[in-house]
Amino acid sequence: MNRKYLGYLFEVAWILPSVAVPIAFLVAIVITAFAVGIAVPGNVGRVDPKALNTTAPFDQPGLRELAPGRYEAVVIAQLFNFTPGELEIPAGSRVTFIVSSRDVIHGFKIEKSPINMMVVPGQISRMTTTFDTPGEYYIYCHEYCGAGHHLMVGKLIVTPAQTASTSR
């Protein structure tokens, strides 16, 4: 075999993966963003973490019905819990989560949903999704926030549409 031809094969063997891998990553990102509906949480604004108790909407954390089937959940993350710790909505509801932290960096991940936010003190994060399937969805802090991190769990209860109440 000719040495020049062998050198060409080695070049092709390195060039093809170096082109294929970034294309595969791009395809994965596009599929995740559009087909699966995963999005980057929006940084809506800033708030003084020490003044959350007196700053709207964090002065009244909880669930509010904006329109039939549309809800807004205002949540405060703090060592080692979420306020409120439990939310209840009817199936088919579209919920916008507005979250901030009172003290350190926390995570806000709702299992079996695209909601996954980093919660930074002073930053207001917002994400929206629809919950169609009744059941209990646990909310986890996925950023280590101290010795009681493993206790930082909340719950979203999605009830069948005709029997739901709006908040707990």
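**Reading a predicted chain by its definitions**

Student: S125 is found in strand β9, residues 123-131. What makes this stretch a strand?

Tutor: Strands here are DSSP runs of E with at least two residues, helices are runs of H or I with at least four, and both are numbered from the N terminus; residues 123-131 make up strand β9, and S125 is found there. The model is predicted, so local features need pLDDT of at least 70 and side-chain atom pairs count only at pLDDT 80 or more, while totals for chains, interfaces and linings use all residues. Residues are numbered from 1 along each chain as its sequence is written, and side-chain values use heavy atoms, with hydrogens and water left out.

Student: Why is S125 called buried?

Tutor: Buried means under 20% relative accessible area, exposed over 50%, and partly exposed in between, with a 1.4 Å probe and protein chains only; S125 has 1% relative accessibility and therefore counts as buried. Y71, which lies in strand β3 (residues 70-78), likewise counts as buried, because its relative accessibility is 3%. Buried residues make up 35% of the 168 residues in the protein chain.

Student: How far apart are the C-alpha atoms of Y71 and S93, and how far apart are those of S125 and N2?

Tutor: Y71 and S93 are 22 residues apart along the chain, and their C-alpha atoms are separated by 7.1 Å. S125 and N2 are 123 residues apart along the chain, with their C-alpha atoms separated by 61 Å.

Student: Which elements does the protein chain contain, and in what order do they run?

Tutor: The protein chain has one helix and 11 strands, and from the N terminus on the order is α-β-β-β-β-β-β-β-β-β-β-β. Its radius of gyration is 22 Å, well over the 15 Å that the globule rule gives for 168 residues, so the protein chain is more spread out than a compact globule; that radius is taken over C-alpha atoms, and the rule is 2.2 Å times the number of residues to the power 0.38. Taken along the principal axes, the box filled by the C-alpha atoms is roughly 75 × 40 × 30 Å.

Student: What makes β7 and β10 a pair?

Tutor: Two strands pair if DSSP finds at least two bridges between them; strand β7 (residues 106-110) and strand β10 (residues 135-140) have two bridges, in the antiparallel sense, and K109 stands opposite Y140 in β10. Strand β10 is also joined to strand β11 (residues 153-159) by six bridges, again antiparallel, with Y138 opposite K155 in β11.
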